[in-house]
Amino acid sequence: MAIAELEVRLLLEAIFDRYHYDFRSYAMASLKRRLAQACDSLHVTTVSGLQERVLHEPESFSQLLQYLTVQVSDMFRDPGFFLALRRQVLPVLATYPSIKVWCAGCSAGEEAYSLAILLHEEGLLDRSIIYATDINAQSLRMASTGVFTLERLRGFTENHRRAGGKCSLSDYYHASQDSKDLVIMDASLRRKITFSDHSLATDNVFSEMHLITCRNVLIYFDHALQTRALRLFSDSLVRGGFLGLGSKESLRFTEASEQFTDFSLPERIYRRKAS
Amino acid sequence: MTRRFDLVVIGGSAGAIEVLGKVLAGLTDRFSPAVAIVIHLPPEGPNVLHEVFATPGSPPMKPAEDKEPINPGTIYFAPPDYHLLVESGRTFALSQDDRLHFSRPAVDVLFESAAEAYGDRLMGVILSGANSDGAQGLRAVADAGGMAVVQALESAEMIAMPAAALEAVPDSIEVNVSALADLLRTHGVLNDR
C-alpha cells in the first residue's frame, strides 16, 4: 500500500476510535483531495501530521470535520426533481393519513426546507413530519435556526418557480432582526422539521418513512457503505415508499437495485418493492 | 515495442471541442484503452457530449457514472457540474466538491486521481483552453510515470491551458491535431489479431 493511502487509513481509524465518526468507507479519491485541503488550512504537511493534530488538539478535529462533511446545497436544486415529487409522488403520499419524510444528509437544511414548502403547497404539510439528519452538528445547528442569507434565498427563487412553485419563495421567510442581510424561514415550516444527528455509516432505522431523499451523499461513499445506506433506506421505507437520489446517482452499480423499482429514472426516483 | 496504455485522460476548455471532434473521429472500435474526458462547460448544460461526438464505427461513448467500472475501449465524458475522479480499483467516482480554477469538472481532479490509479499505464492530454486547469494534473501524470501530451500552441485556439501545462511539464510531447490522432492510434490500436 502506498504511504499516502496508509496514512489516510490510519487517520480514519484514529478518528473512528477517538471521535466515533466513521469515514473509513468513504470514496477514497475525493476524500484524499479534501484531506489535502485540510492539511493546507491546518498548516501540516502530511496526513500523519493531521493525525497528530486531531488526536492531541480536539478543537482541530472540528475544523477537519468541516472539510470531511460539509456539502453545499441549494433550495429546489434540480427543479425537475422537485417537480416530479410534486406531480407524481405527493399525490401518492396524499393517500396516507400521515406522511413521514426523511432527508438524509441534510447539511444546512436547504433541501429539508424545500420539501416542507413543497408539502405545504400541496396541502400536505399539516399531516407530515420531516426528519432531517446529518453527522455534522454544526450544520444541524445552523439548519434548525432556519437562517439563510437573503442573497442566497433570492438565488433560489428561480429554482422554486421551475419546480412548480405556487407563490413567491419570499412568502416563506422574513427578515431577521439581527441583520438586514439575513432572513429566517417561517416557524410554520421549521416546526414540521426535526433536525437530528444520524450516521448512515453507523446508525440504524429510526422510523417508518414514506419518502426518503438522499441526494449527492452516496457519491461520497464507497461501494460497501453505499450498499449499507441503501439497505437502511429500504428497511426504513413502507412498501411502495419512495427514494430520491441525486441527479448523477443511481442504483445501477449496487445490489440494492433488487429492492427497488424505477419510478422516474430521469429524476432518479425509485420505489421500494411491494414484497 | 510500442508503449501501451490502459487509460487516456483528456482535458480542455475553450477551443477543445473541435479538436476532440477531429481526434475522436479517427478512432474505431479497435482502440483499446479507455478514454476519460473533461471539458469545461456551463454547469446547467445538458449531459450530451457523448452524443455530439459519436459517429458510425466510433468506440462506445457515454457519460461517466459514479462507481462505474472503467471498461477498455470506451470513451467517457465528465457530466456537467460534477468533478470526475478515478478510484484505485479502476472505477469512476463523481463529486460536487468545490470548483477548482472556477471549474467543475476540473481537469486537475481527473488527472491527479487517474495518475494515482494508473501510474505508467496512463496518457494525459491537454488541449486548447482558456485557463491553467490541467497543468498540475499533467505534472502528476508525468510524476507517476505516465505520458504527458500537450496540444502544440500554434494549433491551439486558446493557448493559456496548453501553455501552463508545458510550463509545468516542459518535456511533454507537443502535437498538432493530426499528430495527436496518429499518436493515439499508434499507442492504442491493437494490430495483432
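Axes are lines fitted to C-alpha atoms, for helices over the stretch in contact, and the angles between them run from 0 to 180 degrees between N-to-C directions. The model described here is predicted. Two packed helices are described by the angle between their axes and the distance between the axes. In chain A, helix α3 (residues 47-56) packs against helix α4 (residues 58-69). Their axes are 5 Å apart and meet at an angle of about 120 degrees. The two helices, α3(A) and α4(A), are therefore oblique to each other. From α3(A), the contact draws on A:Leu50, A:Arg53, A:Val54 and A:His56. From α4(A), A:Pro58, A:Ser60, A:Phe61 and A:Leu64 take part. By class, the contact of α3(A) with α4(A) has 5 nonpolar residues, 2 polar and 1 charged.

Salt bridges were examined next. Side chains of opposite charge can pair when their charged atoms come close. Over all chains, a search of the whole structure finds 28 salt bridges. One of them pairs A:Arg77 with B:Asp81, with 3.4 Å between the closest N and O atoms. A:Arg77 lies in the loop between α4 and α5 (79-93) of chain A, and B:Asp81 in the loop between β4 (75-77) and β5 (83-86) of chain B, so the pair joins two chains. A:Arg77 has 14% relative accessibility and counts as buried. B:Asp81 is buried too, because its relative accessible area is 12%, and the buried class takes in values under 20%.

A salt bridge within chain A joins the side chains of A:Asp78 and A:Arg215, at 2.8 Å from N to O. A:Asp78 sits in the loop between α4 and α5 of chain A. A:Arg215 sits in the loop between β7 (209-214) and α10 (223-236) of chain A. The pair therefore ties together parts that are 137 residues apart in sequence. A:Asp78 is partly exposed, at 25% relative accessibility. A:Arg215, by contrast, is buried at 10%.

The side chains of A:Arg86 and A:Glu122 also form a salt bridge, with an N to O distance of 2.8 Å. This pair links distant parts of the chain, 36 residues apart. A:Arg86 belongs to helix α5 of chain A. A:Glu122 lies in the loop between α6 (110-121) and β2 (128-134) of chain A. A:Arg86 is buried, with 6% relative accessibility. A:Glu122 is partly exposed, with 26%. Elsewhere, salt bridges that share partners join A:Glu5, A:Arg9, A:Lys32 and B:Glu116 into one network.

Two buried residues of chain B illustrate their surroundings. B:His187 is part of helix α6 (residues 177-188) of chain B. Its relative accessible area is 11%, so B:His187 is buried. A polar atom of the B:His187 side chain lies 2.8 Å from the backbone oxygen of B:Arg3. Apart from neighbours within four places in sequence, B:His187 is in contact with B:Thr2, B:Arg3, B:Arg4, B:Phe5, B:Met123 and B:Met147.

B:Ile75 is placed in strand β4 of chain B. With 1% relative accessibility, B:Ile75 counts as buried. Sequence neighbours within four places aside, the contacts of B:Ile75 include B:Leu24, B:Leu27, B:Val35 and B:Ile37. B:Pro59, B:Pro60, B:Met61 and B:Lys62 are also among them. From B:Ile75 to B:Met161, the C-alpha to C-alpha distance is 22 Å, and the two are 86 residues apart in sequence.

Backbone geometry was considered last. Most residues other than glycine have a negative phi, and most peptide bonds are trans. A:Phe76 is not a glycine, yet it has a positive phi of about 50 degrees. A:Phe76 lies in the loop between α4 and α5 of chain A. At a relative accessible area of 0%, A:Phe76 is buried. B:Phe102 is likewise not a glycine and has a positive phi, of about 60 degrees. B:Phe102 is found in the loop between β6 and α3 of chain B. B:Phe102 counts as exposed, at 80% relative accessibility. A cis peptide bond, with omega about 5 degrees, joins B:Arg104 and B:Pro105. B:Pro105 lies in the loop between β6 (92-95) and α3 (107-118) of chain B.

Methods: Residues numbered from 1 in each chain as written. Chains lettered and ligands numbered in written order. Predicted model: local features only at pLDDT ≥ 70, side-chain atom pairs only at ≥ 80, totals over all residues. Heavy atoms only, no water. Helix = DSSP H or I, 4+ residues; strand = E, 2+ residues; numbered from the N terminus. Buried < 20%, exposed > 50% of the residue type's maximum accessible area, 1.4 Å probe, protein only. Polar contact = N/O pair within 3.5 Å; in protein donor to acceptor, adjacent residues only side chain to side chain. Contact = heavy atoms within 4.5 Å. Parallel < 35°, antiparallel > 145°, perpendicular 65-115°, else oblique. Nonpolar A, V, L, I, M, F, W, Y, C, P; charged D, E, K, R; others polar. Salt bridge = Lys/Arg side-chain N within 4 Å of Asp/Glu carboxyl O.
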